[in-house]
Every structure is written in C-alpha cells, then in structure tokens.
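The sequence and structure are shown first.

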Amino acid sequence: MSLRTRLLMLVALATLVPAILVGLRFFQNRSSEIAAALVTLSATANNISNDLDEKIQGTAQLHYGLARAHDLDTRDKAACSAFLSAVREAYPQYTGILTIDPNGQLFCDSLRTGRTLDLNDREYFRKALISDGVVTLEPVFGRLTGTSVLQIAYPARSETGQLKLVLLASFNLQKFAEFHHERLSRLMEILIIDKKGTVLVRPPGKGWARRRVPRSRARSCFGSRPLGPASVWAR
C-alpha cells in the first residue's frame, strides 16, 4: 500500500469517526426526547381520563338527587320535561337529560321535542334494568342531537325495589375534548374512541369522524388510556 493511499485512509477515518459519533449522539438525544414525550402524553391522557371519571361521579350524584324529586313523580309529560329543561340549563355540560319508562319508551325530555323514542336497544338501558343504585355508561352519538355523548343512566327504584324510571344524562364529549384542547394550548390533539374503535371525538380538521381505528393503530397510539367503554388519547 502506497504512502498516498495510507494518507487518504487516515483522512477518511478522521472525517468519518466524528460524523459517526455525532450521528450516534443525535439518535441518543432523539430517543430521550421520544421517551420524555411518551411520559408527558401518557400523563396527559391519564389526567383527562381522571377528569372524565369525576364528571361521571358528579352525574351519578345529580341522578341520585333527581330520582327523589317530586317533579319527576308524575305522568304530566310537559311539566316533567319543563323541569328537566331547567335542570339542563343549570348543567350545560349535558346535551340532554331525560327519563325512560320501564318499557323502554322515552317520557320526559329536557329538549322538549315531543318525540316518541324506543330505547330498548340501547346497552345502557338494558344494563340499567338489572342494576341497582349504580350508573351504567355507553358512549354513542345521540339520537336527538347527533352529538357524541357519554350516556350516563341511573335506575330509579321504589322502596320495594321496583323500577320506576331510568334517568339519563347525555354528557357532551365534544365540549369536554374542546375544553381540554384549549387548556393544553393546542399543543396536543385529543381523540376519544369507544371500545369498538369508533371515533367519538376527533382532532379538529382531521378526517376521523365516525370512522373505526384499526387495532394495530390503537396499540401504537401515544398516551392512550382505557376508560370503561371508551379510551382517551392525547397525541
């Protein structure tokens, strides 16, 4: 090997070694940044989910009080609906509050639409029929509003245990996500899906509406936390 070749090899090594070291340092820093971002995203998703847990508990307390209100102990549909309308105005986080007869038919409606609605096919109603003193949950798109909501149902029973009615409050998931999106200064996007993978709340401007998220994508999504029938994602 000639002296010129050896010199060229030494120059090449002197150039490549620093470049390799810089590249390794870059990937190490990048890995650290990704790990820190994952921790932040996971903590954010947990905080949002904890807030939703608190909203569910608050709704359960509201139902407990409403179940004992004399204004609901009537077959005057108009008066009952007017009472629930006033309650809903005091609690704007709900798109609607209503009562369902034991046969599954809508009775009182805070929106006072006057509609006839059969709710026997709703999972939350079927669960409420056999539950006692606890709320049942189901994330859906409301039939009266078309908005993504978390249906929170509570069975009101007599002293003998007989079902009198099922109270239902539709918690507005869209407004809930918008509140947290503003709180996070738009640095993160919030995606809420149900256990079937149906997108309930999508990030603004994205084509997620009423689509299903593949399981493989769900497993790889940052910051996801399951919450009963739904999951909250921050990313």
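The sections below go through the salt bridges of this predicted model.

## Overview

The structure holds 5 salt bridges. Some pair residues along a helix, as with Asp-51 and Lys-55 in H1; others tie together parts separated in sequence, as with Asp-101 and Arg-75.

In Asp-51 and Lys-55, the side chains meet in a salt bridge with an N to O distance of 2.6 Å. Both residues belong to helix H1, which covers residues 3-66, and because they are 4 residues apart, about one helical turn separates them.

Asp-51 is buried, at 14% relative accessibility. Lys-55 is partly exposed, and its relative accessible area is 31%.

## Bridges between separate elements

A salt bridge also joins the side chains of Asp-101 and Arg-75, at 3.1 Å from N to O. Asp-101 sits in the loop between strands E1 (94-100) and E2 (106-109), while Arg-75 sits in the loop between H1 and helix H2 (77-90), so the bridge ties together parts 26 residues apart in sequence. Asp-101 is buried at 12% relative accessible area, whereas Arg-75 is exposed at 60%.

In the salt bridge of Arg-157 with Asp-132, the closest N and O atoms are 3.9 Å apart. Arg-157 is part of strand E4 (residues 148-157) and Asp-132 is in the loop between helix H3 (123-130) and strand E3 (136-141), so this pair connects parts 25 residues apart in sequence. Arg-157 is partly exposed, with 24% relative accessible area; Asp-132 is exposed, at 62% relative accessibility.

Notes
Residues are numbered from 1 along each chain as its sequence is written. This is a predicted model: local features need pLDDT of at least 70, side-chain atom pairs count only at pLDDT 80 or more; totals for chains, interfaces and linings use all residues. Side-chain values use heavy atoms; hydrogens and water are left out. A salt bridge is a side-chain nitrogen of Lys or Arg within 4 Å of a carboxyl oxygen of Asp or Glu. Helices (H or I, at least four residues) and strands (E, at least two) are DSSP runs, numbered from the N terminus. Buried means under 20% relative accessible area, exposed over 50%, partly exposed in between (1.4 Å probe, protein chains only).
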